[in-house]
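Colleague: I'm new to this one and would like to learn how to read it. Could you walk me through some features, one at a time?

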Amino acid sequence: MEDSLIIAGRRFSSRLLIGTGKFSSAEVMQRAMEASGAEIVTVALRRVELDNPRDSILNAVDKSKYLLLPNTSGAANADEAVRLARLARAAGCEPWVKLEVTPDPRYLLPDPVETLKATEILVKEGFIVLPYIQADPILAKRLEDAGAATVMPLGAPIGSNRGIRTRDAIAIIIEGANVPVVVDAGLGAPSHAALALELGADAVLINTAIAVASDPEAMAAAFNLGVQAGRKAFLAGLGGYRLDARASSPLTGFLR
Amino acid sequence: MSFYDEIKSTGWAEVQKDIESRSDADVDSALGTFRSGGVDLGHFMSLLSPAAGNHLERAAGLAHNITRQRFGNTIGLFAPLYLSNFCNNSCAYCGFNCKNPIRRLILTPEQAKAEGLFIRNMGFRSLLLVAGEAPQVASLDYFVETAQTLRPLFPSLGLEIYPMSVEEYRPLIDCGVDGLTVFQETYNETAYELFHLGGKKKDYKWRLETPERGGEAGFRRLGLGALLGLDNWRVEAFLMGLHAKYLMRKYWRAQISISFPRLRPAAGAFEIPQEVSDKDFAQLLIALRLFLPDAGFTLSTREPPQLRDNLLALGITSMSAGSKTDPGGYTHPQAQDAEAQFEISDDRDPGTVAEVIRQKGYEPVWKDWDEALS
């Protein structure tokens with residue numbers, strides 16, 4: 001069977017999602033998107049003019065090839081995030097939203113209380129909500145209960161390129177999740193992305209590490225390979241990460 | 001404890017002496033231990049020292065990389081809109097000094113809207129409203145009405161007007177103003193008195209505590225700045241760095257940014273007490289960037305084109321372009337010169353500046369805020 005990422009019933013063959021911030025030009029971004037193999041591309045609503053047909057970022061994303069995932073970057077509370085999401089839908093975007101509620105402009109760490117609140121509101125309004133969160137396993141379950149389509153725990157603060165510093169908590173989130181787990185933020189190298197997939201994450205989202213590389217296109221291709229390697233290793237039954245991993249043939253089958 | 005109380009016991013001369021005593025080895029240690037969270041206070045002093053002037057290339061590399069990592073390959077663009085040049089203050093260095101016999105003008109909200117439309121048509125979506133201190137003509141009500149008029153044109157509105165109280169700031173925030181900038185001019189209280197000869201601006205403490213009142217009121221962006229050239233730039237930068245850190249701790253929801261207005265030699269004008277060379281200016285930018293990796297750094301059109309273009313890579317995150325510093329100057333350009341607050345050195349149009357930014361490997365960003373956010 002084909003190994004697909006399924007979010008809210010929609011099937012994606014790539015497990016790499018990419019962000020559109022921080023690129024030196026729309027052309028550089030387009031080439032990186034192409035090389036990444038990504039099918040989901042997130043765009044900060046604060047950066048775009050939804051009513052402007054010549055908006056440089058919106059025009060650079062070919063909607064027939066990519067799912068344009070609007071994000072609420074800049075929102076400091078649930079109200080602001082909800083307003084942004086509604087604006088995007090009213091302007092014709094699909095009802096998908098990457099929910100970011102980050103009251104602190106320095107490290108852009110997500111506010112768990114406001115994120116849960118916004119998720120509850122948006123889910124009721126029919127949005128497919130992908131919330132960005134701290135690697136907090138209980139919060140992940142609460143969001144899942146509220147109807148979130150994925151959870152997106154951070155590996156390290158946004159833009160820090162520090163890798164998966166929240167590894168143990170992410171492992172617990174993965175263990176308990178019934179929705180896809182997308183590791184978002186802080187991944188600085190293809191090996192970090194590979195590790196996330198090896199741990200059993202369903203996907204990763206990368207922006208800074210690609211956008212500020214000397215050669216974003218080549219780096220995007222490298223992340224694509226990293227994600228594929230990590231996923232293959234996970235499917236191949238990597239030893240050592242999870243003690244409850246299924247054995248290839250039953251160990252106690254003889255008892256029946 | 002306010003920032004005023006926090007630095008009250010800091011002796012200007014002692015700080016200067018400490019900074020100037022730093023050695024090459026101190027600078028080397030500061031650069032060698034740099035991490036993405038920024039250097040500590042002692043290392044910051046070393047980076048501001050004369051010794052660090054010999055290590056600029058290495059320091060510049062770190063400043064360049066950390067800025068790209070935090071802010072990406074982008075430069076924000078904004079334009080100032082001068083609403084009024086009426087001013088009750090007498091500041092020795094300023095073109096709006098109440099003693100200067102210039103033609104005084106205040107735009108009506110309708111005239112401001114015409115200027116706003118002109119600026120919007122140039123591409124800008126971020127606007128800075130500027131006015132002199134004359135509440136008898138430019139009152140709180142006036143600013144509220146003007147902001148309401150301009151709000152539909154600009155997702156982001158900032159203020160650079162006279163200091164107000166927390167209660168006065170609130171209605172401005174309510175009508176969508178998200179940023180507040182106030183320049184301390186000099187952090188040296190003794191020197192401050194020499195340059196601010198009349199008007200309410202004489203009150204150093206009231207001015208210094210303005211960003212705190214802005215943070216209390218709930219502005220999303222707070223901007224600081226010292227007028228470089230009034231006093232020793234190394235100490236100004238040190239205290240400005242402390243000020244930014246203080247505000248980041250106390251008003252953690254606000255984005256802190258720093259502007260770098262610099263006095264430049266001009267015929268017949270104010271004599272610059274302690275001129276800041278281009279090299280000094282670059283060192284100041286770099287040291288502050290390594291101390292404050294996530295503060296916004298803003299550069300105005302006071303600086304000449306070639307220097308602006310080269311400073312871009314050292315940590316600048318936003319710039320003004322195509323600026324007019326006289327009220328009505330965008331729509332009635334013939335009225336220029338006499339009423340301008342300071343001389344524009346970079347008079348290139350915004351499209352040209354955006355093209356240069358692109359050539360330097362950055363994306364010019366016109367919109368980076370949304371009206372849904374406030």
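Colleague: Let's start with a charged pair. Which residue forms a salt bridge with B:Glu185?

Modeller: Keep in mind that this is a predicted model. The partner of B:Glu185 is B:Lys201, and their closest N and O atoms are 2.8 Å apart. B:Glu185 sits in the loop between β5 (179-181) and α9 (189-195) of chain B, while B:Lys201 is in the loop between β6 (196-198) and α10 (204-208), so the bridge ties together parts that are 16 residues apart in sequence.

Colleague: Are those two residues buried or exposed?

Modeller: Look at relative accessible area, where anything under 20% counts as buried. B:Glu185 has 7%, so it is buried. B:Lys201 is buried too, at 9%.

Colleague: How many salt bridges does the structure hold over all chains?

Modeller: There are 31 of them over all chains. One to look at is A:Glu80 with B:Arg220, where the closest N and O atoms are 2.8 Å apart.

Colleague: Where do A:Glu80 and B:Arg220 lie?

Modeller: A:Glu80 is in helix α3 (residues 78-90) of chain A, and B:Arg220 is in the loop between α11 (210-217) and β7 (221-225) of chain B, so this pair joins two chains. A:Glu80 is buried, with a relative accessible area of 6%. B:Arg220 counts as buried as well, at 15%.

Colleague: And what about B:Asp278: which side chain does it meet in a salt bridge?

Modeller: That would be B:Arg262, again at 2.8 Å from N to O. B:Asp278 belongs to helix α13 (residues 278-291) of chain B and B:Arg262 to the loop between β8 (255-259) and α13, so the link ties together parts 16 residues apart in sequence. Here the accessibilities need reading one by one. B:Asp278 counts as partly exposed at 40%, whereas B:Arg262 counts as buried at 3%.

Colleague: Now helices, please. What describes two packed helices?

Modeller: You give the angle between their axes and the distance between the axes. Take helix α4 (residues 41-48) of chain B with α13(B): they pack at about 165 degrees, with axes 9 Å apart. That angle makes α4(B) roughly antiparallel to α13(B). The crossing is right-handed.

Colleague: Which residues of α4(B) and α13(B) meet?

Modeller: From α4(B), you'll find B:Leu41, B:Phe44, B:Leu47 and B:Leu48; from α13(B), B:Gln283, B:Ala287, B:Leu288, B:Leu290 and B:Phe291. Sorted by type, this contact of α4(B) with α13(B) has eight nonpolar residues, one polar and no charged.

Colleague: Let me try another pair. At what angle do the axes of α7 and α8 of chain B cross?

Modeller: Roughly 15 degrees, for helix α7 (residues 140-150) and helix α8 (residues 166-174), whose axes come within 9 Å. α7(B) and α8(B) are therefore roughly parallel to each other. Their crossing is right-handed.

Colleague: Which residues make that contact between α7(B) and α8(B)?

Modeller: α7(B) brings B:Leu140, B:Phe143 and B:Val144, and α8(B) brings B:Glu168, B:Pro171 and B:Leu172. In this contact of α7(B) with α8(B), five residues are nonpolar, none polar and one charged.

Key: Residues are numbered from 1 along each chain as its sequence is written. Chains are lettered from A and ligands numbered from 1 in the order in which they are written. This is a predicted model: local features need pLDDT of at least 70, side-chain atom pairs count only at pLDDT 80 or more; totals for chains, interfaces and linings use all residues. Side-chain values use heavy atoms; hydrogens and water are left out. Axes are lines fitted to C-alpha atoms, for helices over the stretch in contact, and angles run from 0 to 180 degrees between N-to-C directions. Helices (H or I, at least four residues) and strands (E, at least two) are DSSP runs, numbered from the N terminus. Angles under 35 degrees count as roughly parallel, over 145 as roughly antiparallel, 65 to 115 as roughly perpendicular and the rest as oblique. A crossing is left-handed if the near helix is turned anticlockwise from the far one by less than a right angle, and right-handed if clockwise. Contact means heavy atoms within 4.5 Å. Ala, Val, Leu, Ile, Met, Phe, Trp, Tyr, Cys and Pro count as nonpolar, Asp, Glu, Lys and Arg as charged, and the others, Gly among them, as polar. A salt bridge is a side-chain nitrogen of Lys or Arg within 4 Å of a carboxyl oxygen of Asp or Glu. Buried means under 20% relative accessible area, exposed over 50%, partly exposed in between (1.4 Å probe, protein chains only).
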